[in-house]
Amino acid sequence: MAKFYFTYGTDGQPFFGGWTEVEAQDAHAACAAFRAYHPDKTEGLVNCSSIYDEEKFKLTEMYRESNFGFRCHEIITLRREAATN
């Protein structure tokens with residue numbers, strides 16, 4: 001699974017600063033998982049500041065230092081288990 005980072009600004013989003021990590025098979029699935037917990041406030045616009053894949057996020061100052069003094073607020077994962085009969 002890949003990691004995607006949904007970052008926050010200072011107003012009107014689920015958290016002040018920091019980010020949410022989402023583990024999913026691709027960006028489309030990551031956005032769907034994020035939206036399950038944090039619905040769009042404006043239809044069609046994900047309720048965060050920016051979305052990064054892991055490679056790009058690790059190049060940011062946010063990853064190295066913090067985002068408005070905060071780091072990861074939550075981790076959302078997609079998991080599937082086969083049922084045994």
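Phe6 stands opposite Ile51 in strand 3. Strands (E, at least two residues) and helices (H or I, at least four) are DSSP runs, numbered from the N terminus. The model is predicted: local features need pLDDT of at least 70, side-chain atom pairs count only at pLDDT 80 or more, and totals for chains, interfaces and linings use all residues. Residues are numbered from 1 along each chain as its sequence is written, and side-chain values use heavy atoms, with hydrogens and water left out.

Strand 1 (residues 2-7) and strand 3 run antiparallel and are joined by four bridges. Two strands pair if DSSP finds at least two bridges between them. The open sheet holds four strands in the order 3-1-2-4, with mixed pairing. Strand 3 (50-53) and strand 4 (72-77) are the edge strands, each pairing on one side only. On average, neighbouring strands of this sheet are turned by 20° against each other, direction ignored.

Helix 1 (residues 27-37) packs on the sheet. Helix 1 touches strand 1, strand 2 (19-24), strand 3 and strand 4; contact means heavy atoms within 4.5 Å. The direction of helix 1 makes about 125° with that of strand 2. Axes are lines fitted to C-alpha atoms, for helices over the stretch in contact, and angles run from 0 to 180 degrees between N-to-C directions.

The whole structure contains zero disulfides (pairs of cysteine sulfur atoms within 2.5 Å). Cys31 is in no disulfide; the nearest cysteine sulfur, that of Cys48, is 7.4 Å away. Cys48 is likewise in no disulfide. Cys31 counts as buried at 15% relative accessibility, and Cys48 counts as buried at 12%. Buried means under 20% relative accessible area, exposed over 50%, and partly exposed in between (1.4 Å probe, protein chains only).
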